[in-house]
Amino acid sequence: MDGTEIRQRRPEELGLPHTLSTGRLPAASEDGPPSVPESQWMATKPLGTELNRETALSIGFQVTVPFMFAGLGLSGAGILLNYFQHWPVFVEVKDLLTLVPPLVGLKGNLEMTLASRLATAVQATVLGLLAAVVALLLGAVSREELDFAKVELLCASSVITAFLASFALGLLMVCIVIGARKFGVNPDNIATPIAASLGDLITLSILAFISSFFYKYKDSRFLTPLVCIGFMVLTPVWILIAKQNPPIMKILKFGWFPIVLAMVFSSFGGLILNKTISKEQYKGMAIFTPIICGVGGNLVAIQTSRISTYLHMWSTPGVLPLWMKKFWPNPCSTFCTSEINSMSARVLLCLVIPSHLIFFSVIYLVEGHSVPNSKTFVVFYLLAGLIQVTILLYLAEVMARLMWHQALDPDNHCIPYLTGLGDLLGTGLLALCFLISRLLSEAELDGISEPASGPP
């Protein structure tokens, strides 16, 4: 063992606090975490707040309130989607349903564009168009046809929705982070859930009303092409302005691959939604899709942000702390140790079952006729949510280490991948829940009918 490994110690071994504050401590070297006097630590506290040791209770308290508030927004989004699916434009242009997960997923990928709403505008415009293209291609492959009359409507609706939603949510995220720092609350715990509480509602509403507007004026031959061309023409102008700011330009140069790949993952989740939402055996799919995808995305985004902050505190990009050298850690070390990241993973995992039960109850009270109420479905639904979040939290630990080893910020490069995978896992597992519940129900009915039809 070389000298570097000898001197690199865990924070708990040094007797230093675990807190993942928004203020960054001095950069660590390969020799390990920095050793600074307590007086200098005081200078790093955000807005003069104390740097206290975080416990499972404090993490749970900070996360639960905004997370439950976000869940109400997700429940509202599910009710809205269940309502919007019957609108003429959604019935006529089925590929709009494929757009829902990737466009809604943009809110989870705004982490990398908070440096400037201008960068958000550029990426949202391009990604909106790419999402429409992917949705069209997936629809064409599955149906073996491509209706060019609907292509323009889909592209225009996607571009405008992505632009407006990303702009509004980017502004909201900035306000949340500033407010959290002012009140001495860790933004890693609350920013994403609060934004998500309004993000799904805003995105779905914009998509529904914009697409309905274009559908209403579908006979206006040049309306949708002019909208698409207008946004494409404005994009180079925004890029020229962005060149005046090097950090923004860095985002525009290197921040594309994660969100594009995440959009592709989400689009496959949208395809699953598209193919199941109108079938009777999947009744309720529209309501529960935003919830299961949103819960998984929010929890893994919180964990990834916390791991990223932890790495910034105790190491430098490209150099993993000694106790995080393994790229593929044992799952037990991710959930069952006393380390701060493991403790927060347990807290987040413990929120899954209670939160889904609460959101399910809210949905059942409001839209009881539109959701399955069998105990079998509820059990499999809760199991699906638990499996989804467990996989995502483990992948968050793995991907954060891999990205940090490559000197990449996990906030920017992990969250998009993980939210996209969360959408795919969520819709896939949810569809499987409906399918298994239906098969078990039919088997139970068959078992009851057989004795009844037999001889007396």
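Trainee: So helix axes here are lines fitted to C-alpha atoms over the stretch in contact, with angles taken between N-to-C directions. At what angle do α15 and α17 pack, and how far apart are their axes?
Mentor: This is a predicted model, to begin with. In it, α15 (residues 340-350) packs on α17 (residues 375-405) at about 160°, and the axes are 10 Å apart.

Trainee: Parallel or antiparallel, then?
Mentor: Angles over 145 degrees count as roughly antiparallel, so α15 is roughly antiparallel to α17. The crossing of the two is right-handed.

Trainee: Which residues meet there?
Mentor: From α15, Asn341, Ala345, Leu348 and Leu349; from α17, Leu386, Val389, Thr390, Leu393 and Glu397. By class, the contact of α15 with α17 has six nonpolar residues, two polar and one charged.

Trainee: How many residues of α15 are buried?
Mentor: Eight of the eleven, which leaves α15 mostly covered. The buried ones are Ile340, Asn341, Ser342, Met343, Ser344, Ala345, Val347 and Leu348.

Trainee: And what do those buried residues pack against?
Mentor: Five helices: α4 (56-84), α13, α14 (331-335), α16 and α17.

Trainee: Switching to α13 and α16. How close do their axes come, and at what angle do they cross?
Mentor: The axes of α13 (residues 285-314) and α16 (residues 352-367) come within 11 Å, crossing at roughly 155°. That makes α13 roughly antiparallel to α16, and this crossing is right-handed.

Trainee: Which residues make the contact?
Mentor: On the α13 side, Ile287, Phe288, Ile291, Ile292, Val295 and Leu299. On the α16 side, Val352, Ser355, His356, Phe359, Phe360, Ile363 and Glu367. Sorted by class, the contact of α13 with α16 has ten nonpolar, two polar and one charged residues.

Trainee: What about the largest nonpolar core: how many residues, and which have the most contacts inside it?
Mentor: That core has 99 residues, and Phe288 and Tyr381 have the most contacts inside it. Helix α13 gives the most to this core, with 15 residues.

Trainee: What does Tyr381 touch?
Mentor: Leaving out residues up to four places away in sequence, Tyr381 touches Phe288, Ile291, Ile292, His356, Phe360, Leu430 and Cys433. Phe288, Ile291, Ile292, His356 and Phe360 also belong to the contact of α13 with α16.

Trainee: How many residues are in the other core, the one lying apart?
Mentor: Eight, among them Leu392, Met403, Cys414 and Leu418.

Conventions
Residues are numbered from 1 along each chain as its sequence is written. This is a predicted model: local features need pLDDT of at least 70, side-chain atom pairs count only at pLDDT 80 or more; totals for chains, interfaces and linings use all residues. Side-chain values use heavy atoms; hydrogens and water are left out. Axes are lines fitted to C-alpha atoms, for helices over the stretch in contact, and angles run from 0 to 180 degrees between N-to-C directions. Helices (H or I, at least four residues) and strands (E, at least two) are DSSP runs, numbered from the N terminus. Angles under 35 degrees count as roughly parallel, over 145 as roughly antiparallel, 65 to 115 as roughly perpendicular and the rest as oblique. A crossing is left-handed if the near helix is turned anticlockwise from the far one by less than a right angle, and right-handed if clockwise. Contact means heavy atoms within 4.5 Å. Ala, Val, Leu, Ile, Met, Phe, Trp, Tyr, Cys and Pro count as nonpolar, Asp, Glu, Lys and Arg as charged, and the others, Gly among them, as polar. A nonpolar core is a set of buried Ala, Val, Leu, Ile, Met, Phe, Trp, Tyr and Cys residues joined through side-chain atoms within 4.5 Å. Buried means under 20% relative accessible area, exposed over 50%, partly exposed in between (1.4 Å probe, protein chains only).
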